[in-house]
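Load the model in a viewer and colour it by confidence. The stops below say what to select and what is there.

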Amino acid sequence: MSTMSQRSHLTDSEAWKVVGRLEGGQTQAEVAQAIGVSQSVISRIWSRFFWRLKVQDKVVDWQQRPKKIVI
């Protein structure tokens, strides 16, 4: 059985590499092993990525709404 690193935080650059690997089809477990962190760290990065996308979508939707014109 392999030992996991004690790292629990990744730099922004490392986090984006994780997102890229996951979008490329690797599993969270595969990415975790390659990076040297636990699968839960990878899961948190993935969840945070999707939360940010969701927030950005809401901002874009709000900005694209037609403005009401009151006469």
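The tour goes from confidence to the annotated span and then to a pair of helices.

This is a predicted model, in which local features need pLDDT of at least 70, side-chain atom pairs count only at pLDDT 80 or more, and totals for chains, interfaces and linings use all residues. Residues are numbered from 1 along each chain as its sequence is written, and side-chain values use heavy atoms, with hydrogens and water left out.

Start with the whole protein. Its mean pLDDT (the predictor's confidence in each residue, from 0 to 100) is 78, and 63% of the residues reach 70 or more. Helices here are DSSP runs of H or I with at least four residues, strands are runs of E with at least two, and both are numbered from the N terminus. Now select residues 1-5, where the pLDDT is below 50. Beyond near neighbours in sequence, this stretch has three contacts (heavy atoms within 4.5 Å) in the model. Where pLDDT is low, the predicted coordinates should not be read in detail.

Next, select residues 27-45, which an unreviewed UniProt entry annotates as "domain: HTH cro/C1-type"; such annotations may be inferred rather than shown by experiment. The span is 79% helix and 0% strand, and its end C-alpha atoms lie 13 Å apart.

Finally, show helix H1 (residues 12-23) with H2. Their axes (lines fitted to C-alpha atoms over the stretch in contact, with angles from 0 to 180 degrees between N-to-C directions) come within 10 Å and cross at roughly 140°. Display Val18, Arg21 and Leu22 of H1, which meet Gln28, Val31, Ala34 and Ile35 of H2.
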